[in-house]
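The sequence and the coordinates are shown first.

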Amino acid sequence: MSPGDGEQVLSYPIPSEAALEPPAEWAALRQRCPVARVKLPSGDEATLLTRYDDVKQVLADPRFTRLLNADDAARLSDNESGGLFSTDMAQVIPDSGEGHQRWRRLVGKWFTAKRMAALRPVMAEMAEQLIDDMIKHDQPADLKACLGFPLPVYVICDLLGVPAADRDRFAYWSDTLLNLTRYGQTEIDAAQAEFIQYMADHVAAKRAQPSEDLLSELIKESDADGGRLSDVELLATGMALLVAGHETTANMIGKMVGMLLADRARWERLLADRSLVRSAVEEALRFDANPGFGMPRYLGEEAEVGGTVLPRGTTVICSMAAANRDESVFDGADEMDLGRSPNPHLAFGSGAHSCLGQALARTELQVVLEVLLRRLPSLELAVAAEDLQRVDGLVVGGLREVLVRW
C-alpha cells in the first residue's frame, strides 16, 4: 500500500493548542496512520512517521540519508534554498561510510561524558553569574533570555575558541539557518556569506596560531592523522557546532523549566530529592512536545517502514517527539514521571547520526537545574502555563520567553 491512501494530507508542522502540549493528531496518527502524507511549508509533500519503532528504524537505516540535495527531495521551507538540510554546508561533512565515521571519531573525542564532567564546574560558575545578574533586576525576568540562551553560547564559544562577545551575531546567523519562514532568500544568502567568512577567518587564525580549543586540536590531530580535515570541513564543523550547540540547548533549558514549573508538584519533588535531577532531565527531553521540525531523511531506494512500501525519492520526517509519546514503549507516556527508568527516548536521535553533542546538552541541562534548585527554590512561572507562546517557524522548537519570579 502507499502511505496515507485515502487520508487527508495534513499541513506540517502540526500546530498545537498550547505551547507545552502535543498536537492531538499525534496519538491519532500513531494509532491509525503511522505513515502519513503531509504538506511542508514549501508546499512539497513528505511522509511523516510517528511511531517509536518506525522512527528508530529509519534513523538507524543507512538507506535514509540526512542530505536533501537530490532533485526529487522535498524542500522544507518556502525559500529557494529549501532550508538547513539542503544547504551546501550541510553537504561538506561526510554523510556515511568511513568518511563519516572518521569525522565523528575526530570531533566526538571532544564530547565524551568524561570531558563534559570536567567542564561541569565551569558551567556551574557561568550559571551562577547569569543568575546573579538576573536577580539584580526587576521581576518577572525572562529565564530564556537571562540564562537559557547565554549559557550554551558561552560554553560552545569557549569550546571553539570563539569570542563570546560575538554571540549576538551567531544568534542571527543560526536563526537564518534554522528558520523556515521568517527570512527571504536574499537575507539568508547575505547572513550565510557573513557566517562562512567569519568561520573561514577563524579557522585560518587557528591554523596560524593554535590554542587549547576544539578547532585548534582538530587541526593538529587531523594533520598528524595524515588525512587532515580540509579547511572547508573545519569551517562546516565549526558552523554546525555553533548552530547545534547553542540553539537547541538554549530552547530546551526554557522548555524544561517551563514543564517543571507548569505543575508545582514537579518542582517540589525535585527540591525534596535532588538525586532526581538526571532522570528529570531525561524525562523533560522525552516529554518535550515542541522539539521543532523533526528529523528529515531522504530515501534513495525503495524501502518498507511500518508495513508500508515507500518508493525511491520519498522524503521522510521522523517525529521523535511523537515517538517519545508512544504508549507501546513508555508506560503512562502522557505523564511526566521525573524518576522514569529506563527512559530510551529518541530526543537525540538514534544510530550513526545520533546527536554528537548529547553529553554536552545533558550536562548543561543538569547543571542549570542543579543551580536553579539551589539558588532559586521559590522559582515559579509569572504567567499561566497555557499562556506560554511557542516560537514559530524554527527547525528547533522553543518558547518565545519564560517569564519567572522567585
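Leu10 stands opposite Val38 in strand 2. The two strands concerned, strand 1 (residues 10-11) and strand 2 (residues 35-39), are parallel and joined by two bridges; strands count as paired if DSSP finds at least two bridges between them. Helices (H or I, at least four residues) and strands (E, at least two) are DSSP runs, numbered from the N terminus. The model is predicted: local features need pLDDT of at least 70 and side-chain atom pairs count only at pLDDT 80 or more, while totals for chains, interfaces and linings use all residues. Residues are numbered from 1 along each chain as its sequence is written, and side-chain values use heavy atoms, without hydrogens and water.

- From strand 1 the chain passes through helix 1 (residues 25-32) to strand 2, a right-handed β-α-β crossover; right-handed means that, with the strands pointing away from the viewer, the path from the first strand over the helix to the second runs clockwise.
- Strand 2 also pairs with strand 3 (residues 45-49), in the antiparallel sense and over five bridges.
- Within this pairing, Val38 is opposite Ala46, and Val35 has Leu49 as its bridge partner.
- Five residues separate strand 2 from strand 3 in a hairpin, and Gly43 in its turn has a positive phi of about 95°.
- Most residues other than glycine have a negative phi.
- The open sheet comprises six strands in the order 1-2-3-9-6-4, with mixed pairing.
- Strand 1 and strand 4 (64-65) are at the edges; each has a single partner strand, so one side of each lacks a neighbour in the sheet.
- Helix 2 (residues 52-60) packs on this sheet and touches strand 2, strand 3, strand 4, strand 6 (295-299) and strand 9 (315-318); contact means heavy atoms within 4.5 Å.
- The direction of helix 2 makes about 125° with that of strand 9, where axes are lines fitted to C-alpha atoms, for helices over the stretch in contact, and angles run from 0 to 180 degrees between N-to-C directions.

- Two bridges join strand 10 to strand 11 (residues 403-405), and Leu381 is opposite Val404.

**Cis peptide bonds**

- The bond from Tyr12 to Pro13 is cis, with omega near 0°; Pro13 belongs to the loop between strand 1 and helix 1.
- Gln139 and Pro140 are likewise joined by a cis peptide bond, with omega about -5°, and Pro140 is in the loop between helix 4 and strand 5 (141-142).

- The whole structure contains one cavity of 30 Å³ or more; a cavity is a set of points, on a 1 Å grid over the protein atoms alone, where a 1.4 Å probe fits but cannot get out.
- The largest cavity holds about 40 Å³ of space, a volume being the space filled by probe spheres set on the points, with grid points joined across faces, edges and corners.
- Its lining consists of Leu119, Val122, Met123, Met126, Val155, Asp158 and Leu159, lining residues being those with an atom within 4 Å of a point.
- Helix 4 (113-135) and helix 6 (150-160) are the elements that give two or more residues to this lining, and helix 4 gives the most, with four.
- By class, the lining residues are six nonpolar, no polar and one charged; Ala, Val, Leu, Ile, Met, Phe, Trp, Tyr, Cys and Pro count as nonpolar, Asp, Glu, Lys and Arg as charged, and the others, Gly among them, as polar.

Methods
On a 1 Å grid over the protein atoms alone, a cavity is a set of points where a 1.4 Å probe fits but cannot get out, and a pocket is an open set with protein on both sides within 12 Å along at least five of seven lines; lining residues have an atom within 4 Å of a point.
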